[in-house]
Amino acid sequence: MASRTIKAALADVLENLSEENFKKFCHHLMDLRAGPRIRRTAVEGKSCLEVADVMVSTFTEVKVVGVAEEILRDIGCTQEADDLGKLYVAATGRQIYLFLNGGGKHFVDRHRVDLINRVSNIGPILDDLLDKNVIQQEVYEQIRALPTTQDKIRELYSGPLKASEACKDAFYESLQLNEKFLIDDLSADLSRVYPCLSPERELG
């Protein structure tokens, strides 16, 4: 998944906004209450591609589409929000919206109970987290020694996953690789929030 692909999709949608709606988008972007703040000088008077670049750099390629869709819906640009979703899914083939409108919880936080109870392939996930320095060797060995998968995942939630959003992102990415069917099932509700993600709907 290349950030330039996401940036290009976002820039395309922003370029199709009217001048008035693009100004509203930038105003809402600067006024976001949650997450990193964007300075006025970073977007004021900038082109659509420059604004898209700032957003990808600020929110990361994993989260920026959800942030942009939320703003587009807030300013009444529902069709453009759907278009962004279609462009993104068509380009990447992946549904990785970690943050949803109305709550802002990370995917792994929203589905904490389900993940604790339903993840079964924990070994490769711990290996991934060790490789990505989310957990250190000592913690890795402590978690591996716990008797059940549920205990191991609870321990991840009680410690390493509290460190940062990046740790949660790494956990989610490993879940996608090692628990694909579970993540697809838990992600099914996204198509109700983002109709463009429904598998029955053409991406055209």
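Setting aside neighbours within four places in sequence, A52 contacts K7, L10, A11 and L14. This is a predicted model. A52 lies in helix α4, which runs over residues 48-74. Of its contacts, A11 stands 41 residues away along the chain, yet the C-alpha atoms of A52 and A11 are separated by 5.5 Å. Is A52 buried or exposed? Its relative accessibility is 0%, and because buried means under 20%, A52 counts as buried.

An α-helix has 3.6 residues a turn, so residues three or four places apart point the same way. Just after α8, N133 adopts a positive phi of about 65 degrees.

How do α8 and α11 pack, and at what angle? The angle is about 140 degrees, and the axes are 9 Å apart. Angles over 145 degrees would count as roughly antiparallel and those from 65 to 115 as roughly perpendicular, so α8 is oblique to α11. The crossing of α8 past α11 is right-handed. On the α8 side, the contact is made by P124, I125, D128 and L129; α11 contributes A170, F171, S174, L175 and N178. Sorted by class, this contact has 6 nonpolar, 2 polar and 1 charged residues.

Definitions and conventions: Residues are numbered from 1 along each chain as its sequence is written. This is a predicted model: local features need pLDDT of at least 70, side-chain atom pairs count only at pLDDT 80 or more; totals for chains, interfaces and linings use all residues. Side-chain values use heavy atoms; hydrogens and water are left out. Helices (H or I, at least four residues) and strands (E, at least two) are DSSP runs, numbered from the N terminus. Axes are lines fitted to C-alpha atoms, for helices over the stretch in contact, and angles run from 0 to 180 degrees between N-to-C directions. Angles under 35 degrees count as roughly parallel, over 145 as roughly antiparallel, 65 to 115 as roughly perpendicular and the rest as oblique. A crossing is left-handed if the near helix is turned anticlockwise from the far one by less than a right angle, and right-handed if clockwise. Contact means heavy atoms within 4.5 Å. Ala, Val, Leu, Ile, Met, Phe, Trp, Tyr, Cys and Pro count as nonpolar, Asp, Glu, Lys and Arg as charged, and the others, Gly among them, as polar. Buried means under 20% relative accessible area, exposed over 50%, partly exposed in between (1.4 Å probe, protein chains only).
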